[in-house]
Amino acid sequence: MKIFNPADNIQDLQYFGEFGGVNPSISDSSTYTFLSAKTMFDTFEGNAEGCYLYSRHSSPSNLYLSQALAAMEGTEAANVAASGMGAITTTLLQLCKAGDHIVSSRTIYGGTYAFMKNFLPNLGITTSFIDSTKHELIKAAITPNTKVLYCETVSNPLLEVTDIAALAKIAKKHNLKLVVDNTFSPLSVAPAKLGADVVIHSLTKYINGSSDTVGGVTCSTREFIDATKNVNNGAAMLLGPTMDSLRAASVMKNLRTLHIRMKQHSANALYLAERFERDGLITVYPGLASHPSHELYKNMINPEYGFGGMMTIDVGSLDKANELMELMQHRNLGYLAVSLGFYKTLFSAPGTSTSSEIPLDEQKAMGLTDGLIRFSIGLDNDIERTYQMMKACMTELGIFKEVMSEF
Ligand SMILES: *Cc1c(COP(=O)(O)O)cnc(C)c1O
């Protein structure tokens, strides 16, 4: 039996440049000529395989990257977008119309939450936000108008794990589309293999990995992807969140090293999480036995790529969190910045940054505490050295004493 390995699938794809270049040529054109008028008509109708019309619809560079990402997720097709939000919003607008309802995990990316909570109601689409680890609550929230079940594989910022196979069962039974944002766990988890109908990534994070652009992708069946690109009623075609060809080519080159980077991110994060927990800090990382979904996640991931590069610690208060982040930045241990998946460690306090769209009382209810620091652990060569330097910062600020005295 051939085991599904997303990195091998990417590796097996070869694209050559026009003159035999080892990288595919970049298509630097917004529009394409036709030798016959008939072919142009057929292309409009979607019946001319291999012909390009106009770059908002598709371009060679975008198709290469889309194909590689479909191979990574094990789906028939994919379509890249100018940002992760571009992929998320077009997907939801393709699947839902006025009067429809979404059941979403309550711990999701702040922008996605704001879109569902504040923007979609203007179009008559409503959302119920539910703890996605409580399957009975999810089932209870489904109404005859529900069309979509939405979640993140590993949630932002609390690192809750969604049992995708279980949610896929619920979705199938109620005839819903299960949409999974897999941004935190590329290669580690393949949601489509677990039953998801649509898999989304913000390419901005691990997949591009160099914090030099935003980008997104929607991976699904050929039928769904073609529908989003339909010239008459496709959300991707008509809303126009198109990625630029030059950028698609550069993301593609970075995708080629994703497997190496994910292994290093995961190994470094596991090393730090184990030590911080041993030091008495409240540490959340799916690779720790203390994580509530550790066993579940262990069975969901491809062990080669590990538990990922995201972890959180709680240092007791927002003031302490801010002091620690400033000191760590001063010592060149990382940057006080939102986003993730960079070669350098990034840290931020989610309550006042990436999750600030979520009202304070709701933040409390979901366990998002003031002293929480979210880390995207970098590709540090000597993680033991990094640990010692981070520990020195914490010791200097009296964090261990404070955390310990709470017990
Ligand atoms: C960053 C992020 C997004 C949004 O992606 P952009 O590229 O910033 O538009 C969506 N989901 C998750 C989980 C993210 O981390």
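By class, four nonpolar, six polar and three charged residues form the shell around the ligand. Here Ala, Val, Leu, Ile, Met, Phe, Trp, Tyr, Cys and Pro count as nonpolar, Asp, Glu, Lys and Arg as charged, and the others, Gly among them, as polar. The model is predicted: local features need pLDDT of at least 70, side-chain atom pairs count only at pLDDT 80 or more, and totals for chains, interfaces and linings use all residues. Residues are numbered from 1 along each chain as its sequence is written, and side-chain values use heavy atoms, without hydrogens and water.

The shell holds 13 residues, with G84, M85, D181, T204 and K205 the closest; a residue is near if one of its heavy atoms lies within 4 Å. Helix α4 (residues 84-95) gives the most, three residues. Helices are DSSP runs of H or I, at least four residues, and strands are runs of E, at least two, numbered from the N terminus.

| Protein atom | Ligand atom | Distance |
|---|---|---|
| G84, backbone N or O | oxygen | 2.8 Å |
| D181, side-chain N or O | nitrogen | 2.6 Å |
| K205, polar side-chain atom | oxygen | 2.7 Å |

The protein covers 92% of the 380 Å² of accessible area that the ligand has on its own (Shrake-Rupley method, 1.4 Å probe).

Now the largest pocket. Its lining has 27 residues, and E49, H57, R222, D226 and K229 lie nearest its centre. α3 gives the most to this lining, six residues. The lining divides into 11 nonpolar, 10 polar and six charged residues.

Definitions and conventions: A polar contact is a pair of N or O atoms within 3.5 Å; within protein, one must be able to donate a hydrogen and the other to accept it, and residues adjacent in sequence count only if both atoms are side-chain atoms. On a 1 Å grid over the protein atoms alone, a cavity is a set of points where a 1.4 Å probe fits but cannot get out, and a pocket is an open set with protein on both sides within 12 Å along at least five of seven lines; lining residues have an atom within 4 Å of a point.
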